[in-house]
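Open your viewer and get ready to click through a few selections. Here is a tour, stop by stop.

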Amino acid sequence: MGLFNFNIDLGIDLGTCNTLVYLRGKGIVVDEPSVVAAERGTKQIRAIGAEAKQMLSRTPGAVTAIRPLHDGVISDIEMTQKMISYFIKKVIPNNLMSRYFTRLRVVVGVPSCITGVERRAVRDSAMMAGAQRVEIITESLAAALGANIPIFDPAGHMICDIGGGTTEISVISLGGTVVTNAIRLGGDELDEAIIKHARTVHNMIIGEQTAEELKIRIGNASPDQKIESMEIKGTDAITGLPRRLEIDSVEVREAIQGPVWAIIEEVKRTLSQTPPELAADILERGIVMTGGGANLKGLAKLLAKETGVPVICAENPLLCVVLGAGKYFEYLSANDAKKIYKDFDD
């Protein structure tokens, strides 16, 4: 009796804030924070993902909770490898790889601005986690696939992917990127701007999770008819005592305007570098926004106003990169005569 021989295909969005895993045939099977809690010194893992996130800024001296990725790239290779291994084992039964002749293929979406060393670190982490084949593609190309943009058309499509640590803007045509710009700025910088505002204006110290909640619940990039407010809790910077504070959406908008305008300027720069024929296509088809930053209220409206180009938010902006990575091998099979240009040399 012969051995079964088949591939297991995983698409991974290895994000600064969250890691998502797509299993071909089943869909998204992992969506957890990119956080690892380990004992100091021994580095023995105490928790990974959602459980570890609850420990951020709350751990005792013997345990530290960290994000092993910073600005979209690996800052702690060992912890990243353990995190990837943990998520893969959650997806694939332990006995599956040993019982059958199975080949694990992994596609990882990464920012185009990472260095060759950082790219190799991503690849090595996936290989150490058990993958036999690892493909690295840019986040914008993965996001375009995930947003069902017809990337093989001889027309220009612009995508703006705003993640936790990076923002990537690309013009795609004929299966590859014509122009790409990326900055190491994303949702995390919005949170940091809110933390800085609370400290500077109100003498109040708040944590990352509080800032993120403010951004999600009442954050906006352009003036809204309704002013929303939210009560937060933190520490008084002068007395050191716990304190409550009510903050409104106008303050949050003022706090995040620095990083918001940096993203808008990067989009403008990319448009200015786009060949005229492709720019005409983009003017007709619009800019597609993906990533968690696409959910910031008023951002699409402000971006459209400042560029003069229609802006469309993808149907599932948070999922576009992982969906595109997960569909990568399907696209290769369905488009044998066409090539997906990954922008990276293998």
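In what order do the three strands of the open sheet with antiparallel pairing run? Select S14, S15 and S16, and you have the order S14-S15-S16, with antiparallel pairing. Strands here are DSSP runs of E with at least two residues, helices are runs of H or I with at least four, and both are numbered from the N terminus. Two strands pair if DSSP finds at least two bridges between them.

A word on what you are looking at: this is a predicted model, in which local features need pLDDT of at least 70 and side-chain atom pairs count only at pLDDT 80 or more, while totals for chains, interfaces and linings use all residues. Residues are numbered from 1 along each chain as its sequence is written, and side-chain values use heavy atoms, with hydrogens and water left out.

**Stop 1**

The edge strands are S14 (204–205) and S16 (242–248), each pairing on one side only. Now colour S15, residues 229–236: S15 and S16 are joined by seven antiparallel bridges. To see one of these pairs, show Met230, whose bridge partner in S16 is Ile247. Angles run from 0 to 180 degrees between N-to-C directions, with axes fitted as lines to C-alpha atoms, for helices over the stretch in contact; contact means heavy atoms within 4.5 Å.

**Stop 1**

Is S13 mostly buried or exposed? Six of the eight residues of S13 (residues 176–183) are buried, so the rest of the structure largely encloses this strand. Buried means under 20% relative accessible area, exposed over 50% and partly exposed in between, with a 1.4 Å probe and protein chains only.

S12 covers residues 167–173 and pairs with S13 in the antiparallel sense over seven bridges. Val171 has Val179 of S13 as its bridge partner, and Ser173 stands opposite Gly176 in S13. Two residues sit between the strands of this hairpin, where Leu174 takes a positive phi near 55°.

Then bring in the helices.

**Stop 2: Gln81**

Pick helix H2 (residues 77–91) and show Gln81 within H2. Gln81 has 15% relative accessibility, so it counts as buried. Neighbours within four places in sequence aside, Gln81 is in contact with Ser125, Met128 and Ala129.

**Stop 3: pockets and a cavity**

Rolling a probe the size of a water molecule over the atoms shows where empty space is left. On a 1 Å grid over the protein atoms alone, a cavity is a set of points where a 1.4 Å probe fits but cannot get out; a pocket is an open set with protein on both sides within 12 Å along at least five of seven lines, and lining residues have an atom within 4 Å of a point. Grid points are joined across faces, edges and corners, and a volume is the space filled by probe spheres set on the points.

The largest pocket holds about 680 Å³. Centre your view on Asn18, Gly291, Gly292, Gly293 and Leu318, the closest to its centre of the 32 lining residues. H6 gives the largest share of this lining, four residues.

For the second largest pocket, about 350 Å³, select Arg67, Asp188, Asp191, Glu192 and Glu208, which lie nearest its centre among 20 lining residues. H6 again gives the largest share, here five residues.

Last, find the one cavity of 30 Å³ or more in the whole structure. The cavity, about 40 Å³, is lined by Ile162, Leu190, Val260, Ile263, Gly293, Leu296 and Leu299.
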